[in-house]
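Please take a moment to look over the sequence and the 3D structure before you read on. The paragraphs below are meant to be read with both in view.

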Amino acid sequence: MEKAIAKTHIFNRNIVYKLFAIMLLLTIIPILIFGIASYYLSARVMESDSIKNSQLSNEQILINMNNIISTLQQQSYALNMSLKDILPIVTTSPETNPNYNDVQVRVKNYMSTLLLSNKNINSIIIYNLEGYPIFYIDKSGGSLPLISSSGESWFERAIRLKGAPDLLEPHSNNTTSIVGRKTTVISIGRALVDIINSPKYETKGVLVVDSSITNFADAVATSGATPDVLNVIYSNGGNVIYSKGALSEPEYAKLFSTINKSEKSTLNMKLDNKDYLITSNPSSQFGWTAVTAIPISTLQAKSVFIKQINISLALIMVFLCLAGSVGISIWITSPLKKLMRAFVKLRNGNFEAQVEIRGQDEFSIIGLSFNMMVRNIKQLIMEKYEMTLLHRQAELEILQSQINPHFLYNTLNSITAVIKRKDYENSVEMIMSLSDIFRYSLNKGVYIVTIADELENIRKYLFLQHFRFADRFSVSYDIANDALQCPIPRLTLQPIIENAIIHGLKEAAEDGKISIIVKTYGDKCFVYISNTGNIIAPKRIEEINASLAQIHFGYTDKKANKISTGIYNVCARIKLLLGDEYGIKIMSSPEMITTVKCTLPIDIKKTIGGDVVEDSYR
């Protein structure tokens, strides 16, 4: 390393030379800044930037407007697909349908929710085939309109399109007869086609979804358009959909006839005796064209900025001389501050802390030594961690292997008895269930499964126990759907069910009950397994729970095992895999019911050795 330092440039070896270099740069940099700023901050660059920003603004305006129209189309399609609820309103009346009012209220509630949840929809109208509006709702809760649309071109066109969307350009919403409610809107019309009950896909009515023109003003406002420019949006036919600014009608027509409708374009043009820089962007989706007109006088006013730069640079040069001493001090102490921050990170346990090495001066050598020290510490810790993890995984395998289906002999005897009765169908199912249980219990390397997998194994286990104990007990399930994918250590529930049958129901002649309940609350999943029959004395329950509480994550001292091997192993595996906050607890009630409560995480992750490890389930 010393040889490498000797070959480096002199400015990277001594701080004194660096101080000299920075003072030299403090004199040269302002001059360079002045030349570069004078060159790049020219009127041509500003004009180019203005054109680019205008085109981006036009594109954003078109995107916002297209999104509004797409939303109207999607919502009208969704309403058309809900024809099952809307159809009775179109084809029946209160006189012919006793449920008409209930259907109308349900549709109105649905439409109201749709209006409240979508700011771009202002009103929804449903017409029958005669053109009479039979349903109307807007954001202010308007009543049913009275004006017919029969014979209007848009109405006839919507029927001909057979359910395809029809865009209606800006028009006055004169459907309602209520004074003061007329607004300028853009609408989507769509025929209501019965694709469920009618094999010929008959048209039953027409649906109109309106969006106020003010929504399109918001689309311009959110596009980043500046207040001193003119924004105009033309329809495919040349109608002005929206204009921010005021031009005479001939000037609007002149502007539309001049711009390029097929691609982006830029031109200079005089409008109302004022020179403008015009940029236009056409929309391929709906045929609209967004136009931005920037006054030339605005661009010229910005060139004054160059003069201000020249004055500012002179002031900056004076300031740099005064601030030079401060800057040198900061520059010298900067490597020390970086090294200090790295030490703080290391002290807080961040072993990824590294110091950025630039050059090979004294500070670089200290930083390089620090980085080597951190890597050595990290390597030692990882070696210790891997040894601990291997130890815990080996202990987990031992605990897993202790949970064997020792009911094998009783199950084989039961299968033999069923075969002797020539009940071959049940005997085959028993053998397959026993095979599945053994395959499930011997699935090495899979520590975590889902609640659904564990319950499936329990059902097969209880199926076999049914033939052994006949009708001495029944099983009930109450499983929350959102708990089925929660993680659980494999073979957690089988030992608990086995204890419930053997110890709880062993003296029950009949009417024994086992209840399995799985619920979620917050970020935890809770499994409750209850059984009737013999209950455990309260003092013994306290001893068992105290022993279970002594089992800590990564610590399974058998001296704390004052309980059965099955329950102990279940609790130990839960804590080893998921952490100390999870485990099992035993409870009893005066009603002769014993309950085992399992607490598990709801997140589909597992922890081994303190690290979160992604793993696929069985």
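Predicted model: local features only at pLDDT ≥ 70, side-chain atom pairs only at ≥ 80, totals over all residues.

Residues are numbered from 1 along each chain as its sequence is written, and side-chain values use heavy atoms, with hydrogens and water left out.

The protein chain contains 17 helices and 19 strands, where helices (H or I, at least four residues) and strands (E, at least two) are DSSP runs numbered from the N terminus. Of its 618 residues, 40% count as buried; here buried means under 20% relative accessible area, exposed means over 50%, and partly exposed is in between, with a 1.4 Å probe and protein chains only. The chain exposes about 33,500 Å², and carbon and sulfur atoms supply 58% of this area, which is calculated by the Shrake-Rupley method with a 1.4 Å probe, only the protein chains shown counting as cover for residues. If we take the contacts (heavy atoms within 4.5 Å) with a separation of 6 or more, residues 24 or more positions apart account for 62% of them.

Inside the chain we can look for nonpolar cores, each a set of buried Ala, Val, Leu, Ile, Met, Phe, Trp, Tyr and Cys residues joined through side-chain atoms within 4.5 Å. The largest nonpolar core has 53 residues, and those with the most contacts inside it are I497 and I584. Helix α17, residues 565-578, gives the most to this core, with eight residues. If its neighbours within four places in sequence are left aside, I584 is in contact with L548, I567, V570, C571, I574, V596, K597 and C598. Apart from this core lies another, of 37 residues, which includes L83, L115, I188 and F216.

In helix α6, residues 153-160, W154, F155 and A158 are buried. Why are these three on the same side of α6? They cover an arc of only 100° around the axis, and this puts them on the same side; the arc is that of the directions from the helix axis to the C-beta atoms. On the other side of α6, S153 and R160 are exposed.

After α6 comes K162, whose phi is positive, near 55°. Most residues other than glycine have a negative phi. K162 is found in the loop between α6 and β3, and because its relative accessibility is 49%, K162 counts as partly exposed. Another residue other than glycine with a positive phi, near 65°, is K422, which is found in the loop between α12 (408-420) and α13 (424-441). K422 counts as exposed, because its relative accessibility is 62%.

We can now turn to charged side chains. A salt bridge is a side-chain nitrogen of Lys or Arg within 4 Å of a carboxyl oxygen of Asp or Glu, and by this rule the count comes to 10 salt bridges. In one of them the side chains of D436 and R439 meet at 2.7 Å, N to O; because these two are three residues apart in helix α13, they are separated by about one helical turn. D436, R439 and K460 are linked in a network of salt bridges. The side chains of E543 and R540 also meet in a salt bridge, at 3.4 Å, N to O, and both residues lie in helix α16 (residues 538-549), three residues apart. The salt bridge between the side chains of E581 and K524 has an N to O distance of 3.5 Å. E581 lies in the loop between α17 and β16 (583-589) and K524 in strand β15 (residues 524-532), so the pair ties together parts that are 57 residues apart in sequence.

Finally, on the surface, Y77, M81, I195, I196 and Y201 form a nonpolar patch with about 540 Å² of accessible area together. Patches are made of residues with over 30% relative accessible area and no salt bridge, like charges being joined within 9 Å and nonpolar side chains (Val, Leu, Ile, Met, Phe, Trp, Tyr) within 5 Å. Y77 is placed in helix α3, residues 43-81, and is partly exposed, with a relative accessible area of 46%.
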